[in-house]
Amino acid sequence: MKTRTISAWALGLFLWFSAYSAFAAAADWRNLSPKEKDRIQRNYQRWEKLPPQDKDHLRDEWNRYQRLPQDERERIKQRYDEDRRRRHND
Amino acid sequence: MKNPAALKSACKDFEEDLVLHYYGEGSTAERQRVARHVSDCACCRLFVDDLHRLLPRMTESRELPQSFWDNYFRETVAKLAKQEEKKFWWRSLLAPMQSWWLPAFGTVAIALLAFGLVLGKGKLTLFADRSAASLPQEVLADGEQLEFFKSLDMLESLDGLEEREGGKVKPKSNQTRLLSMNQAAA
């Protein structure tokens, strides 16, 4: 009886964690706002159509951006957001 | 109406001794004294006769029929069950869940759900976020990939932004290519 109970608990916990990890995997996506999701989808669709060399280049740019100091990255992002807002208003 | 089973009255002084005599108790002398009195006293003799007649009936065990014991057993079990029910009344609420099929069904359902999500890589439309339908699982599950695609616009103009920050200037060819990409996208 004790062995059966322990086995049931072990199986239950395994199944629970399996299901939980599957849901948790997409937690980053679920936490995004609808606007951000829309932006990512549009960018992904655009990315799919890019030639391989452009994809490589953007990957390099991303790696370079990631290596920048935190404050510089934030300044660049801020400037980009300002430009985008300005373009949007124009 | 007089009870025919009642004991005849004996001499008060001998009443107790007669009962002891009947059971064969007391010393030999005492037993001889009582026996002598009984032979002389008609009342006490009748009393002793009554003892012989009535006392064996009191000790004899009455054979009860099997049906009595069956009923007795059923009633006892019913009483115990009722008492148990009163003690653990809340268990009756869970009674439907005590059958074997419910936990078995639950286990199978959870197993199907877990394996479906793991092996199906989140493509089960019932549980998947419908807004993510156009994105592959490896992008959805990877925070860095999501960040990359969120920043794609910015990466395309990273050189220009860096220039304005007074940073590194990238070769012209890359900028031109990015410009062409932006135009193509537009």
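Modeller: pLDDT is the predictor's confidence in each residue, from 0 to 100. This is a predicted model, and that score is the place to start.

Biologist: Over which residues of chain B does pLDDT stay under 50, and how many contacts beyond four places in sequence does the model have for them?

Modeller: The stretch is residues 168-173 of chain B, and the model has 4 such contacts for it. Chain B as a whole averages a pLDDT of 76, with 72% of the residues scoring at least 70.

Biologist: What share of the residues of chain B count as buried?

Modeller: Burial is a count of neighbours: a residue is buried if 20 or more other C-beta atoms lie within 10 Å of its own. As for contacts in chain B with a separation of 6 or more, 46% come from residues 24 or more positions apart.

Biologist: Which residues touch the most other members of the largest nonpolar core?

Modeller: That core has 13 residues, and those touching the most other members are Val139(B), Leu140(B), Leu146(B), Phe149(B), Leu152(B) and Leu155(B). Two or more residues each come from helix H6 (137-140), helix H7 (143-150) and helix H8 (152-156) of chain B. Apart from this core lies another, of 6 residues, including Ala10(B), Leu18(B), Val38(B) and Val48(B).

Biologist: Leaving aside neighbours within four places in sequence, what is Leu146(B) in contact with?

Modeller: Its partners are Val139(B) and, in chain A, Asp28(A), Trp29(A) and Ile40(A).

Biologist: How many residues does the contact take from chain A and from chain B?

Modeller: The contact takes 32 residues from chain A and 34 residues from chain B. On the side of chain A that touches chain B, at least two residues each come from helix H1 (2-25), helix H2 (27-30), helix H3 (34-49), helix H4 (52-67) and helix H5 (70-89) of chain A. H3(A) gives the most, with 10 residues.

Biologist: How does that side of chain A divide by class?

Modeller: The side of chain A that touches chain B has 15 nonpolar, 12 charged and 5 polar residues.

Definitions and conventions
Residues numbered from 1 in each chain as written. Chains lettered and ligands numbered in written order. Predicted model: local features only at pLDDT ≥ 70, side-chain atom pairs only at ≥ 80, totals over all residues. Core = buried A, V, L, I, M, F, W, Y, C linked by C-beta atoms within 7 Å. Buried ≥ 20, exposed ≤ 12 C-beta atoms within 10 Å, placed from the backbone. Helix = DSSP H or I, 4+ residues; strand = E, 2+ residues; numbered from the N terminus. Contact = placed C-beta atoms within 7 Å. Nonpolar A, V, L, I, M, F, W, Y, C, P; charged D, E, K, R; others polar.
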